[in-house]
Amino acid sequence: MISPNYRPTAAPRVIAVGLHRLRYLLQELAPSYRNLARLEILDRGFDTAVEEIRRVHSAEPVDVIVAAGSNGAYLRQQLDIPVVLVRVGGFDVMRALARARSIASRIALVTHGDFPREVQQFDELFGLGIEQRSYRTEEDARDCVRELKAKSVEVVVAPGLVVDLAEQAGMHGVFLYSEDAVREALDEALERARLSRIEAAKRDRLNSVLAHLRDGVVAVDMQERIEVVNPAMERLLGQPKSMLMGRKLSEAAPELTLAATLREQREEIEELQRVGTKSLVTTRVPIIEQGVQTGAVL
C-alpha cells in the first residue's frame with residue numbers, strides 16, 4: 001500500500017511494482033537509489049495495481065513505473081504513465097539454468113511473451129533438452145505449470161509468478177530475474193524520468209512565450225491533431241483549449257487547415273486569408289526535428 005502523504009521533492013517519483021520474489025529484489029536495491037529518486041514499491045498486480053497507481057498519481061504525479069512480466073505488460077496497456085519493463089538478458093538465463101542444473105536434470109524455462117531465440121539456439125547447439133514454454137496471462141502460467149508437472153519436470157526457471165506456482169505444485173523454482181536486470185530497469189526509469197522532465201520544462205517555457213503573443217498560434221502533429229494552441233488562437237476560433245486539444249485542425253477550423261503543409265512540406269509566409277468576416281495574415285510552416293517532419297504550425 002502506498003501512503004498518500006508525500007512531501008514535494010525535485011527527485012523523480014518511481015513506482016516499482018513487485019510481486020512475488022521481484023518485490024524482495026526491489027527492497028534490497030531501494031536503499032542505493034535513496035539519493036537519486038523517490039522509489040516506492042507496490043506489491044500489487046493487474047487491476048489492483050492500476051487502481052492504486054491511478055489514485056496516487058492523481059494526488060501527485062508519478063514520473064515512471066518499473067514492472068515485469070505479464071503484470072508489466074498489463075500496466076502498459078492500462079496506464080498513460082511510462083512503464084519500464086525488467087528484461088532478462090542471455091547471461092541471466094544461462095546463470096539461472098546453471099543453478100537449475102545443479103538441482104536436477106529435468107529442467108523447464110518459462111518466459112513471459114516471446115521465447116528468446118538465442119536460448120533456443122543455445123539449447124539446440126548443446127543438446128540440453130530444456131522444456132521451453134512462454135505465457136502471457138496468469139491463466140497461461142497456470143496451464144504451463146500443470147503441463148510441466150505432467151511431464152515430470154523437476155526444476156522450473158521462470159519469473160516470480162511461475163516460480164511460486166511451480167513450487168506449489170511440488171517442483172523446484174529458480175527465479176529468472178537477476179539483481180543486474182532489475183538495476184538496469186531502475187536506471188532506465190531514472191533516465192526516462194530525467195528526459196521527460198527536460199521536455200516538460202521546454203514545453204512550459206514555450207507555452208509561457210506563446211501565452212503572451214498577440215498572434216494566434218496552433219501546432220499540429222502529422223495527423224493534424226492539435227498539440228499546442230495559445231490564448232490568442234482560442235479567441236480567434238471561439239473555442240477553449242480544452243475543446244481543441246487532440247482534435248483535427250481541419251475539423252475545428254476548416255479555413256485554417258494545415259493538411260497541405262503536412263502533405264507537401266511547403267511554407268506559406270504571410271499570406272492574406274479570409275476567415276469568416278475577418279481578414280488574416282497567416283503563415284504556415286512544417287515542423288522539422290532532426291531532419292524528420294513531425295508536424296506543422298500556423
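Reader: How much space lies in the largest cavity?
Author: In this predicted model, the largest cavity holds about 40 Å³ of space.

Reader: And how many cavities of 30 Å³ or more does the count come to?
Author: The count comes to one cavity of 30 Å³ or more.

Reader: Which residues line the largest cavity?
Author: The lining of the largest cavity consists of V14, Y33, A37, L39, L186 and L190.

Reader: Turning to open space, what volume does the largest pocket have?
Author: The volume of the largest pocket is about 450 Å³. Its lining has 16 residues, and the closest to the pocket centre are R203, L206, E227, V228 and E289.

Reader: Which elements give two or more residues to that lining?
Author: Two or more residues each come from α8 (179-211), β9 (218-220), β10 (226-229), β12 (278-289) and β13 (292-297). Of these, α8 gives the most to the lining of the largest pocket, with six residues.

Reader: What is the make-up of the pocket lining by class?
Author: The lining of the largest pocket has eight nonpolar, three polar and five charged residues.

Reader: Let us move to strand β5. Is it largely enclosed or open, and why?
Author: Strand β5 (residues 107-112) is largely enclosed by the rest of the structure, because five of its six residues are buried.

Reader: Which strands are joined to β5 by bridges, and how many bridges are there to each?
Author: Five bridges join β5 to strand β6 (residues 131-135), and the two run parallel. Three bridges join β5 to strand β7 (residues 155-158), also in a parallel arrangement.

Reader: Which residue in β6 stands opposite L109, and what is the bridge partner of I107 in β7?
Author: L109 stands opposite Q132 in β6. For I107, the bridge partner in β7 is V155.

Reader: Next, helix α4. How far does it reach from its first C-alpha to its last?
Author: Helix α4 (residues 90-103) has 14 residues and reaches 20 Å, close to the 20 Å expected at 1.5 Å a residue.

Reader: Which residues of α4 are buried?
Author: The buried residues of α4 are D92, V93, A96, L97 and A100. They lie on the same side of α4, because they cover an arc of only 125° around the axis.

Reader: Why would residues three or four places apart point the same way?
Author: An α-helix has 3.6 residues a turn, so residues at that spacing point the same way.

Reader: And what is exposed on the other side of α4?
Author: On the other side of α4, the exposed residues include F91, R99 and S102.

Reader: A backbone matter now: what is phi of F46, and where is F46 placed?
Author: Phi of F46 is near 55°, a positive value in a residue other than glycine. F46 belongs to helix α2 (residues 46-59). With 25% relative accessibility, F46 counts as partly exposed.

Reader: What about phi of E224, and where does E224 lie?
Author: Phi of E224 is near 65°, again positive in a residue other than glycine. E224 lies in the loop between β9 and β10.

Reader: Does E224 count as buried or exposed, and why?
Author: E224 counts as buried, because its relative accessibility is 5%, and buried means under 20%.

Definitions and conventions
Residues are numbered from 1 along each chain as its sequence is written. This is a predicted model: local features need pLDDT of at least 70, side-chain atom pairs count only at pLDDT 80 or more; totals for chains, interfaces and linings use all residues. Side-chain values use heavy atoms; hydrogens and water are left out. Buried means under 20% relative accessible area, exposed over 50%, partly exposed in between (1.4 Å probe, protein chains only). Helices (H or I, at least four residues) and strands (E, at least two) are DSSP runs, numbered from the N terminus. Two strands pair if DSSP finds at least two bridges between them. On a 1 Å grid over the protein atoms alone, a cavity is a set of points where a 1.4 Å probe fits but cannot get out, and a pocket is an open set with protein on both sides within 12 Å along at least five of seven lines; lining residues have an atom within 4 Å of a point. Grid points are joined across faces, edges and corners, and a volume is the space filled by probe spheres set on the points. The expected span of a helix is 1.5 Å times one less than its number of residues. The arc is that of the directions from the helix axis to the C-beta atoms. Ala, Val, Leu, Ile, Met, Phe, Trp, Tyr, Cys and Pro count as nonpolar, Asp, Glu, Lys and Arg as charged, and the others, Gly among them, as polar.
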